[in-house]
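This report describes selected features of one protein chain. Please consult the sequence and the structure while reading.

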Amino acid sequence: MELRLRLPDEVHSRLRVVAEEDGNSLNTEIVIAIEEHLARRQTSAVRAIARKVAQRDAELLHRLSQ
């Protein structure tokens, strides 16, 4: 898929520096950054669901632990 992406100059500069340091193309570095962001969001969503379940079932979990 092809996508046109407009970045602030500062973000573009930072990405270019990181890409050069890692020996990657700018495109590869952007894909890596997006993949890492999505993985963190997914992990955050799972933690939020686990917290809700733990709060909802706190009494049951406490009884089971004894």
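## Basis of the description

Helices (H or I, at least four residues) and strands (E, at least two) are DSSP runs, numbered from the N terminus. The model is a predicted one, in which local features need pLDDT of at least 70 and side-chain atom pairs count only at pLDDT 80 or more, while totals for chains, interfaces and linings use all residues. Residues are numbered from 1 along each chain as its sequence is written, and side-chain values use heavy atoms, with hydrogens and water left out.

## Positions along helix α2

Helix α2 covers residues 26-56 and includes E29.

Residues are classed by relative accessible area: buried means under 20%, exposed over 50%, and partly exposed in between (1.4 Å probe, protein chains only). E35 counts as exposed because its relative accessibility is 51%. E36, with a relative accessible area of 45%, is partly exposed, and A45 is likewise classed as partly exposed at 39%.

E35 and V53 are 18 residues apart in sequence and 27 Å apart in space. For A45 and V11, 34 residues apart along the chain, the separation is 26 Å.

The side chain of E29 does join that of N24 through a polar contact of 3.0 Å. A polar contact is a pair of N or O atoms within 3.5 Å; within protein, one must be able to donate a hydrogen and the other to accept it, and residues adjacent in sequence count only if both atoms are side-chain atoms. Beyond its neighbours within four places in sequence, E29 is in contact (heavy atoms within 4.5 Å) with L15, V18, A19, D22 and N24.

## The salt bridge

Side chains of opposite charge can pair when their charged atoms come close. The count of salt bridges comes to one. R56 forms a salt bridge with D57, and their closest N and O atoms are 3.0 Å apart. R56 is exposed, because its relative accessible area is 63%.

Technical notes. A salt bridge is a side-chain nitrogen of Lys or Arg within 4 Å of a carboxyl oxygen of Asp or Glu.
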